[in-house]
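Reader: I'm new to reading protein structures. Could you walk me through cavities and ligand surroundings?

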Amino acid sequence: MKSGGRGYDVPEGVDIRGRYDEEFANILTKDALQFVVDLQREFRNHVNYAMECRKEAKRRYNQGALPGFDPATRNIREGVWTCAPVPPAVADRRVEITGPVERKMIINALNSGAKVFMADFEDALSPNWENLMRGQVNLKDAVDGTISFHDKARNRDYKLNDQIAKLFVRPRGWHLPEAHILIDGEPATGCLVDFGLYFYHNYAKFRQNQGAGFGPFFYLPKMEHSREAKIWNNVFERAEKMAGIERGSIRATVLIETLPAVFQMDEILYELRDHSVGLNCGRWDYIFSYVKTFQAHPDRLLPDRVQVGMTQHFMRSYSELLIRTCHRRGVHAMGGMAAQIPIRDDPAANEAALDLVRKDKLREVKAGHDGTWAAHPGLIPDCVEVFTNNMGNAPNQIQTVKREDAAALTEEDLLQRPRGVRTMEGLRLNTRVGIQYLAAWLTGSGSVPLYNLMEDAATAEISRVQNWQWLKYGVELDGDGLGVKVTKDLFGRVVEEEMTRIESEVGKEKFKKGMYKEACKIFTRQCTTPTLDDFLTLDAYNYIVIQHPQGSSNL
Ligand SMILES: CC(=O)SCCNC(=O)CCNC(=O)[C@H](O)C(C)(C)COP(=O)(O)OP(=O)(O)OC[C@H]1O[C@@H](n2cnc3c(N)ncnc32)[C@H](O)[C@@H]1OP(=O)(O)O
Ligand SMILES: O=CC(=O)O
Ligand SMILES: [Mg+2]
């Protein structure tokens, strides 16, 4: 059966609506698609059920309930068990670089001196068809070891060094559909497409070139409950069976980046105990999730986004409990991402930014984390130095820093209201950053530098939900002594003024050519809607779906 543009050769029940491209056809082979179809058919009901459970939990939180530890799984939390031993290839993960699956960045990241590169289909990628399919082509070339890139503008060639980082791939979250691939008439589940295509084409080479007999390795985002981890575990077992490789070959680190998931860390590790290499503190989505989970709790409003750092009690408690949980179960407790990036044209500001990153990493390694994330190659030497100064030659701290003190942390510690003030500048910055990020995302860039910070889908979500929350409850912005109440009128004025500022900052030409107006419309609607949208990118996704023949959108 032929499908999509000039025609992909597809299995029964599949319709490809994405543009045809010969390079993409090498990824979208009939056999690879059959594997994705098998995953979709086997797991779609489980995924749908898990998404229904998320809705049910939201209903409970919206009626006043608080997330907490589940009494039904106390035996798992209190039981004595460990995850499968960590594969030697990834024992040392002291610094991991992250980035979208863009060709040049993949090469730069693998060459960066980091131990691991997390190639991202999630927060750092705008999931349009070209990005997703090119990303798969790029990853295949990277795993094959043949990836290269010629930068025409600078006449510069890029290729892999002899020593490269180990590759982890982060598929999209369970909630995102892939509207360019219809299976049995419905959009495929985005993460099963990302996982399925990558696994199918790369498992053999990866195990030989990268994993020393293990792998491939993954990062799993945005889960809210261990039932979602159980689906991943079953997907992994299905994949191992298809490939004829040993059970436990595939390994994954789960991001704890939703508030409900912090109460499920043992349960998540337990479900994935044969396939786990730890947990990671996804701090940005975690903050977003705090607002989302407490959207109907006006007594838990956040202060300005810049004030919600890792030293807030609820954030520190979360990272300490994560370290204790992981080390007790014999796996890595990974730290998170500092948002600062190098500032090229201002040495003093650059030094100040690096200093903030170093302090953040020092806090992490001293707390017991086994490694951390860096957003930019320029940060790797400093991050490595901080971890190495404190960990020495040991590959990790799994056996040496147990953090048994964190066993005393309670639900109250994990939910404690963050302290700080709300300001007009906070509202303005949320708006300016949210609109600019969305404009970039709509035109294909999922991670961008804004005001010397890394912005991606997770950080933009904080801007969106914080504005929504402040508007919903008409909070008073008293942090700068203005005492102004946030109303729709005030927000409307702020949006107008910030759009003018954006135009003057980016220049008239770029502003006209870019998608700032569309971004402004989407962002404003999402901030003012009576019912909070679950994800910024779900609504915005409709704007980047281009189906062939054109105009046949199924969403
Ligand atoms: C909340 C979370 O989920 S965090 C994880 C998801 N987010 C991310 O992964 C963000 C990763 N970082 C980035 O995307 C980028 O660093 C940005 C967008 C923040 C800044 O990018 P730029 O403005 O291009 O940075 P800059 O111009 O300083 O780049 C200098 C060089 O470093 C490279 N570079 C920058 N960041 C990265 C990276 N993360 N991986 C690989 N290479 C990178 C650039 O490609 C460029 O290479 P070149 O000199 O060969 O041309
Ligand atoms: O994915 C990481 C985060 O902080 O969010
Ligand atoms: Mg995240």
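Predicted model: local features only at pLDDT ≥ 70, side-chain atom pairs only at ≥ 80, totals over all residues.

Reader: How many cavities of 30 Å³ or more does a search of the whole structure find?

Author: The search finds two.

Reader: Which residues lie nearest the centre of the largest cavity?

Author: Glu-122, Asp-123, Leu-176, Ala-457 and Thr-537 do, out of 16 lining residues. Two elements, α9 (283–293) and α15 (457–472), each give two or more residues to this lining. Sorted by class, the lining has eight nonpolar, two polar and six charged residues.

Reader: And what lines the second largest cavity?

Author: Its lining includes Lys-222, Glu-257, Asp-285 and Phe-535. By class, this lining divides into two nonpolar, two polar and five charged residues.

Reader: Now the ligand. Which residues come nearest to ligand 1?

Author: Of the 28 residues around ligand 1, those are Lys-104, Arg-154, Tyr-158, Arg-344 and Ser-447. For polar contacts, look for N or O atoms within 3.5 Å of each other. Side-chain atoms of Thr-98 and Ser-447 each lie 2.6 Å from an oxygen atom of ligand 1, while for Arg-170 the distance is 3.0 Å.

Reader: How much of ligand 1 does the protein bury?

Author: Taken alone, ligand 1 exposes 950 Å², and the protein buries 84% of that. The shell around ligand 1 has 15 nonpolar, five polar and eight charged residues.

Key: Residues numbered from 1 in each chain as written. Chains lettered and ligands numbered in written order. Heavy atoms only, no water. 1 Å grid on protein atoms, 1.4 Å probe; cavity = no way out; pocket = protein on both sides within 12 Å on 5 of 7 lines; lining within 4 Å. Points joined across faces, edges and corners; volume = space filled by probe spheres on them. Helix = DSSP H or I, 4+ residues; strand = E, 2+ residues; numbered from the N terminus. Nonpolar A, V, L, I, M, F, W, Y, C, P; charged D, E, K, R; others polar. Near = heavy atom within 4 Å. Polar contact = N/O pair within 3.5 Å; in protein donor to acceptor, adjacent residues only side chain to side chain. Areas by Shrake-Rupley, 256 points an atom, 1.4 Å probe, with all protein chains shown as cover.
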